[in-house]
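Subject: Structure for you to look at

Hello,

Here is the structure we talked about.

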Amino acid sequence: MNASSRSKGESPVLSGYRVLDLTDDRGHLAGHLLAQLGADVVLVEPPGGHRTRHRGPFIGDVADPERSLEFHSFNRGKRSVVLDGPNQLAQLAAGADAVISCGAIDVDLGQLRAAHPHLVTASISAFGETGPKAGWAATDLTIAASSGTMSITGDTDRPPVRIGVPQTWHNAAADVAGAVLMALHERRRSGKGQHIDASAQQSFADCTQFQMMNALVGGEIPNRLPGAIQLGDFLIPWVYECADGHVTVTFLFGPMIGPFTTRMMGWIHEEGFCGEELSDKNWIDFGMDVFEGRESIDTFNDAIHSLTAFVKTKTKDELLERGLAENLLIAPITTTADVMALPQLSERDYWQPVDLPGGVNARFPGSITKTSGPALPSLAPAPTLGAHTIEVREDARRPVVGTQDESPERPLDDVKILDFMWAMAGPGTTRTMADFGATVVKIESESKPDVLRGVNPFIGEEGGQENALQFHSLNAGKMDLTLDLTTPEARDVVFDLVKWCDVLTESFSPKAMANWGFAYEDLRKVNPDLVMFSSCLMGQTGPMRMYAGFGTMAAAIAGFYPITGWPDRIPAGPFTAYTDYISPRLSVAVIMAALEHRDRTGEGQHLDFAQIEAALHFLAPALLDEEINGRTAHRHGNADPHLTPHGVYPSAGEDRWVAVACETDQEWAALAAIVGLEEVAALPVAERRVRSHEIDAAISAWTSDHDPHQAQDILQAANVPSHMVNNAADVVVDPQMKARDHYLSVPHPIHGNTWVENHNFVMSRTPGRVDWGGPMFGQHNMEVLEGILGYDGDRIAELVIAGAIS
């Protein structure tokens, strides 16, 4: 193989694996991620080329199949082969380790596996390969509608909106990248391949932050609010207008956020925008004070008014500078231009320069992680059509598979994880790995519990640290050990667990682990082949490394807010902590790649994972349009640059909507016949765009006369991509979600059973499962101390006396 055609400098992380990428925009991120991690990814294209080659934006706005920025975004580092028939595909499969498909190329994956039992195959589809909607026509818009995410995104008085740059397929593709690596890990032991069936609907349902589960426990059905959330009687904005744009401010009460709010109110008082009665308020206990009648919601609203007036007087830079200095939960809402200029990214040498057609050199999003081990490759430019056809055909490679002497029940049942993760992004990573067999020991302290133990929805009528469904779901299948890490005896327990584990995961701000004596250099002394995974918003280095916060803030800084919503309204943004939903998928792939490298070389490593850096790949075409064409991305409701019609239309009932989009002329002709627009059924896309108001009005008139279920069923019968906008009550009874067991009732020691969300893909031979809901505090103390570490009764008694077990 000509290594220069794939990367500049070979990376050993996934070297030795070849992946056939049969996808288009409905999955090309999966191959891109695997190429980043060092795999040889062969892009198999039809004679006319990948469909994204033919749509803009283009380099210099010159329409050319070799100048598409979307194609360049997700196909760097791949080799291109033009497919000339099914026999060629079978030959290519014989030399591959994995094949990823989305329907872009007609292929029988089962037949390929039968001929080549070592193959791991993966299918990315809108609804999965099973269930009543498996064959439904779909686009990014209609998948977003089906997932429940759209019902909580946008302005209350307007149609729900999708995120401005398509996201649904990317989320499913990222899931598949990790799933492929888990299956290849298992193949090392069994020598057998298997099939992965991924559902984009399920993947994107993760982006509701479990709010759909309110409908399972009698909670309030959430609605969309632009840049705000409703918590009971509290309306809590997080998007605020500032002097030169918008920022997010996380302004809440309680033990987790209250200290940040206290510091924020101190600054507001310092500048004369509130009195001492607000700056001196006990914001930690404020929620309980309101509940027990000692305080009024009016006081909180007064604080919001003061904050709103104050923020308007400051620029984004001024607010961020003070936020960094005093640890305030403030994030600028950045445009694509702002993102390209972020000092944090340049200081971490994030951007990768790439030479493009026409003599253009541009900065592309860089590696999804930094590593203390082998550097990830700097990927070569996306290939020209068929550039490597002869080269790949002449390569007689045959994969090296495992010993075939083991039959694991689940693919990761040989992986042991010591988990210091908390909140959402981190625990989501280890939850997926637990589902597929990893033994995960979660470290907690009753003095500083996981913040999600106090976040709705709750099972039962009241909140409580053992009642939170978000915690139950994100920590399902894990063992819980409670330690007071301020004691040396507890730290000794951690070092014993480090000797035991393969992977240590943590999601604290940089330096926290080092302050406990758990820096990577300390840990590798007791376990030289340890893989340590550190996740935070901005990474372990750079001027913003100590920037503490949540995925809402990373989503704002990464550029997701300005592209979501309506052009004449404030940026609505994705629903809350969007990068927290992206990160776990990518993290699984990164950890699995590191384990593959360790298994092959015996070398451990420290992975420095910055949420913002990984998330920017989901916006790559918009960032490149800014970088090359100087075009800043903005929000346009549900309008699409390529598809018309493409919108969300009212249907019969209160706040009921149907998403409709046409990708082909055939779909448009079918839709036109249904809604009474036969006279314009032959119009091409460009002319339809000119008459979009007329077309949208006709579709709205038709959908308004139909129940949303009726509307989607009539349109789907004509093969028109459509789906009602599912709200929480709809999602939990959606026949497709039920057929694929997306919501599971699993054992819990207090509640008997609790609800969790299932994983988003199915493995054919070694499926995952969820054994129990998120654990109680210290539920597995004895199992870990006695069963895993082998401590006797005297040793455990000493730990209790020393206060090491909290």
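Where is the place of Pro-645? Pro-645 sits in the loop between helix 24 (620-629) and strand 23 (646-650). Please keep in mind throughout that this is a predicted model.

The peptide bond that runs from Thr-644 to Pro-645 is cis, with omega near 0°. Another cis peptide bond joins Gly-56 and Pro-57, and there omega is about 5°. Pro-57 belongs to the loop between strand 3 (40-45) and helix 2 (69-75).

Lys-511 is not a glycine, yet its phi is positive, at about 85°. You will find Lys-511 in the loop between strand 20 (503-506) and helix 19 (512-515). Its relative accessibility is 51%, so Lys-511 counts as exposed; the cut-off for exposed is over 50%. Asp-741 is also not a glycine and has a positive phi of about 55°. The loop that holds Asp-741 runs between helix 30 (735-739) and strand 26 (743-748). With 43% relative accessibility, Asp-741 counts as partly exposed.

Two packed helices

Two packed helices are described by the angle between their axes and the distance between the axes. For helix 8 (residues 258-270) and helix 12 (residues 316-326), the angle is about 125° and the axes are 11 Å apart. Helix 8 and helix 12 are therefore oblique to each other, and their crossing is right-handed. On the side of helix 8, the contact is made by Arg-263, Trp-267 and Glu-270. Helix 12 contributes Glu-318, Leu-319, Arg-322 and Glu-326. Of the residues in this contact between helix 8 and helix 12, five are charged, two are nonpolar and none is polar.

Aromatic rings

A search of the whole structure gives 21 aromatic pairs. In one of them, Trp-422 and Phe-550, the ring centres are 6.5 Å apart and the planes are at 70°, so the pair is edge-to-face. Trp-422 is in the loop between strand 17 (416-420) and helix 16 (425-435), while Phe-550 is in the loop between strand 21 (531-536) and helix 21 (551-558), so this pair ties together parts that are 128 residues apart in sequence. Trp-422 has 25% relative accessibility and counts as partly exposed. Phe-550, with a relative accessible area of 19%, is buried, since buried means under 20%.

Phe-533 and Phe-609 form a tilted aromatic pair, with 5.4 Å from centre to centre and 40° between the planes. Phe-533 is in strand 21 and Phe-609 is in strand 22 (residues 605-610), so the pair links distant parts of the chain, 76 residues apart. Both Phe-533 and Phe-609 are buried.

There is also an aromatic cluster, formed by Phe-234, Phe-251, Phe-253, Trp-283, Phe-286 and Phe-300.

One residue in its surroundings

Asp-413 lies in the loop between helix 15 (389-393) and strand 17. Is Asp-413 buried or partly exposed? Asp-413 is partly exposed, with a relative accessible area of 33%. Which residues is Asp-413 in contact with, leaving aside its neighbours within four places in sequence? They are Arg-189, Pro-408, Phe-436 and Gly-437. Thr-334 is 79 residues from Asp-413 in sequence, and in space the two are 42 Å apart, C-alpha to C-alpha.

Regards

Note on methods:
Residues numbered from 1 in each chain as written. Predicted model: local features only at pLDDT ≥ 70, side-chain atom pairs only at ≥ 80, totals over all residues. Heavy atoms only, no water. Axes fitted to C-alpha atoms, helices over the stretch in contact; angles between N-to-C directions. Helix = DSSP H or I, 4+ residues; strand = E, 2+ residues; numbered from the N terminus. Parallel < 35°, antiparallel > 145°, perpendicular 65-115°, else oblique. Left-handed = near helix turned anticlockwise from the far one by under 90°. Contact = heavy atoms within 4.5 Å. Nonpolar A, V, L, I, M, F, W, Y, C, P; charged D, E, K, R; others polar. Phe/Tyr/Trp six-rings, centres within 6.5 Å; stacked < 30°, edge-to-face > 60°. Buried < 20%, exposed > 50% of the residue type's maximum accessible area, 1.4 Å probe, protein only.
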